[in-house]
Amino acid sequence: MNYKYLIIGNSAAGIGAVEAIRQVDPLGSLAILSDEPVHTYSRALISFYLSGKVSKERMYYRPLEYYQSKNVHALLGRRAKEVDFERRRVKLEDGEEAGFEKLLIATGGRPIRPKMDGIDLKGVHSFQSLADAEEVRVRLPGLKKAVIAGGGLIGLQAAEALVHLGREVTVVELMDRVLSPVLDAQASEIIEGLFAEKGAVIRTQAGVAAILPDQNDSEKVGGIRLSTGEEVACDTVIIAVGVVPRTEIFTGSALKINKGIVVNQKSETNLPGVYAAGDVVESYDLITETVRPLPIWPKAYQGGWIAGFNMAGKPAENPGDIAMNASHFFGFPAVSAGIHDPQTGEYEVLSEAIPEKRYYKKLVLKNDVPVGLVCLGDAVDHAGIIAGLMREKANIGEYKQELFKRFALVSLPEGLRRQKVLGR
C-alpha cells in the first residue's frame, strides 16, 4: 500500500482535502485511513440520529458511491498505530503499513474521559461519534434516567435528544452556567430556561465526582455523586466535559505539537510533505490574534481544502478563522462569534433583549470594529453579515447604531452594500 496522497481521518477535513486534490490531480493514488468502519458522516447530526429525527443514511456526509467516484482507496475500520515520518510509512494496528509521498493528518479530536470512580461501569458513554450514539440507542428500552456530565454544546445536544425521547435528564455543569465558552450569562440563562421548560434539570457549579454502581448489579451505573456530596440516581451517564486534539500517536515524534498540531497558513506542519487540518490543529484566530484549537466543522473542511490544494501543487492559504458557533435546541437557534463576553472596559457593547420572546442580540466592538456577537431567536437571521464585517475588520463607527437596529444589508452604506451584493 503506497500512495501519492494519504489522509488519516474520514471527516470534514479529510473530505475537503480529497475534493481539492481531485480538482488538481484526478489520477494520483489517494487513500483515506480511518479507525471508524463507516462511510463519512456528519458528527453534528449524531444527536438527531439518537432521537430518531434522522436516519443513518441521512447522516452520510457524501453519497455512498463517493470514494469510488473520487478514485479513493477507503481503508475504513483500520487504526493507525504509529507514523514513521522519515520512512514515510504509517504503521497500522493490524501489522500492515501504508506508504505516502504527501500525508494529511486529520485525526480530529477525542473526548476527554476523566479519571474517577465508576468511569468504566456499563452505562457510561461518550457522545462524539456515530458509534457512541448507537451504543446509547441500543440501551434506550432500559434507559430511564440520564445524567449528562458537561453543559457544553455536545452535552446539551445529548440532553435534548434524550428529553425528546421522554427520558429524565439532569445536566451537571461545573461552571456557573451552561455554554459558558460560547454564550454570555444572559444568553445562557435563556437556554437554561428553555431546557427547564422541556423538563430537564440543570445543575450548575457542581461536577460529577464519582459514578456509583447499581445496588443490584455492581457492573452497571446506579447513580452519580456530585462534588457537593449529593447523589443523583440514574442508569446512564454521558461524559461531555470537552474534546482535545487527537495527537497521541505522534507523541515522541518530530512533529511540532502544542495544544494541537502546529501548522502555517498552507496547512503545512514543520515536517516536509506533512499537512494537518481540522480539530487536531491549532488555528490563527483573526479576532483574538492568538493561535489555538478551533473545533468548528466549516473550518475543518476549509483547512482540509487548503491542505489538499497544496499537497497537489496548487498554492493556497488560509488567512485565519473566526470562532463562530451555531446551534439549535428544540428548534430554537443560537449563534455566537468572536469575543462574545468581554471582561474589560476597552470594548463597547450594544445589546437588546425581549425576554418573553426569547429574543436577544449583542454586538461587541473595539474601536468601532466588530469583534463579537451573540444572537438568539429571530436575531440570528442576519448574524452572517456581522461575521463578515468581523473577518474584514471593518470600521463601522458611522453606522453602528443603524446596523445594530437591523443586522441587515440595508443598514450598510450604499458603497459597502453594493460591494457585498455585487462583489465590487
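**Notebook: cavities, a sheet and a buried strand residue**

I began with the largest cavity, which holds about 60 Å³ of space. The model is predicted, and I read it as such. I counted 3 cavities of 30 Å³ or more in the structure.

Which residues line the largest cavity? I listed Asn-10, Ser-11, Ser-34, Glu-36, Val-38, His-39, Thr-40, Tyr-41 and Arg-43. By class, I have 5 polar, 2 nonpolar and 2 charged residues in this lining.

**Ile-7**

Next I looked up Ile-7. I found Ile-7 in strand S1, which runs over residues 2-8. Is Ile-7 buried or exposed? Its relative accessibility is 0%, so I noted Ile-7 as buried, the cut-off being under 20%.

I then checked what Ile-7 touches beyond its neighbours within four places in sequence.

**Cysteines**

I searched the whole structure for disulfides and found 0. Cys-234 has a relative accessible area of 7% and is buried. Cys-375 is buried too, at 0% relative accessibility.

**A three-stranded sheet**

I turned to an open sheet of 3 strands. Its order is S17-S19-S20, and the pairing is mixed. Which strands stand at the edges? They are S17 (261-262) and S20 (290-292). Each has a single partner strand, so one side of each lacks a neighbour in the sheet.

I followed the pairing of S19 (residues 281-285) with S20. This pair is antiparallel and spans 3 bridges. I found Asp-285 opposite Thr-290 of S20.

**Second largest pocket**

S19 came up again here. I recorded about 240 Å³ of space in the second largest pocket. The lining has 18 residues, and those closest to the centre of the pocket are Val-263, Asn-264, Ser-283, Tyr-284 and Asn-318.

Which element gives the most to this lining? I found that S19 does, with 4 residues. Helix H8 (297-311) and S19 each supply at least two residues. I sorted the lining by class: 8 polar, 7 nonpolar and 3 charged residues.

Notes. Residues numbered from 1 in each chain as written. Predicted model: local features only at pLDDT ≥ 70, side-chain atom pairs only at ≥ 80, totals over all residues. Heavy atoms only, no water. Buried < 20%, exposed > 50% of the residue type's maximum accessible area, 1.4 Å probe, protein only. Contact = heavy atoms within 4.5 Å. Disulfide = S-S within 2.5 Å. 1 Å grid on protein atoms, 1.4 Å probe; cavity = no way out; pocket = protein on both sides within 12 Å on 5 of 7 lines; lining within 4 Å. Points joined across faces, edges and corners; volume = space filled by probe spheres on them. Nonpolar A, V, L, I, M, F, W, Y, C, P; charged D, E, K, R; others polar. Pairing = 2+ DSSP bridges.
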